Amino acid sequence: MNQDQIQRLESSFNLLAPRAQELADRFYAKLFTEHREVRTMFPRDMSDQKQKLVASLVLVVRNLRTPEKLHQPLVDMGQRHVGYGTQAEHYPVVRDTLVAVMGEMAGDAWNDQLESDWKSAVDFVASVMLEGAQQLTASSA
Ligand code: HEM
């Protein structure tokens, strides 16, 4: 990710961060409405999960300039996701749902550039998580 892209990710996230709870509420509402099949993977009470999702987004955005600090936490997170039943094809679904909700909430402050920046950022996160998942599968094969 280049400096301009990181700058755009940081400022757009700062704009939404005060509404992080709303972001998490809307993200899971949309995910479970449009992709009912994943609902059973998650706990009934989503309060903790919402906090954890927001915390992971904050961690990623804070460390975009030092991606080496993100590597191991994301590998570990990807490995935990294997236990939740997450598969590679779920990642684009989560990415598109998250980016759509961010765009709806940002309103006029949103544009195609941000859409593409955020998709790349989530793809980066997903690729490291999947690297972790694959290590786990390879070591248990
Ligand atoms: C951008 C990628 C993702 C991020 C940043 C993310 C973030 C998180 C975090 C922080 C947790 C809390 C537990 C932990 O850290 O292990 C979690 C749990 C979970 N995630 Fe994800 N996740 C991502 C992708 C996905 C995908 C694609 C799915 C598949 C539908 C998924 C399903 C779940 C489930 C089922 C749980 C466990 C809930 C529970 O049993 O408590 N996640 N996720």
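Visitor: Which members of the largest nonpolar core, 18 residues in total, touch the most other members?
Guide: This is a predicted model, in which local features need pLDDT of at least 70 and side-chain atom pairs count only at pLDDT 80 or more, while totals for chains, interfaces and linings use all residues. Residues are numbered from 1 along each chain as its sequence is written. A nonpolar core is a set of buried Ala, Val, Leu, Ile, Met, Phe, Trp, Tyr and Cys residues joined through C-beta atoms within 7 Å, and buried requires 20 or more other C-beta atoms within 10 Å of the residue's own, all placed from the backbone. The members in question are Phe 27, Leu 98, Val 101, Met 102, Val 125 and Met 129.

Visitor: Which helix provides the largest share of this core?
Guide: Helices are DSSP runs (H or I, at least four residues) numbered from the N terminus, and α2 (20-34), α3, α5 and α6 each supply at least two core residues. The largest share, six residues, belongs to α6.

Visitor: With which residues is Val 125 in contact beyond its neighbours within four places in sequence?
Guide: Contact requires C-beta atoms, placed from the backbone, to lie within 7 Å. With those sequence neighbours set aside, the partners of Val 125 are Val 60 and Leu 74.

Visitor: What is the radius of gyration of the chain?
Guide: The chain has six helices and zero strands. Over C-alpha atoms, the globule rule (2.2 Å times the number of residues to the power 0.38) sets the reference. For 141 residues this rule gives 14 Å, so the chain is as compact as a globular protein of that length, with a close value of 15 Å.

Technical notes:
Buried ≥ 20, exposed ≤ 12 C-beta atoms within 10 Å, placed from the backbone. Contact = placed C-beta atoms within 7 Å.
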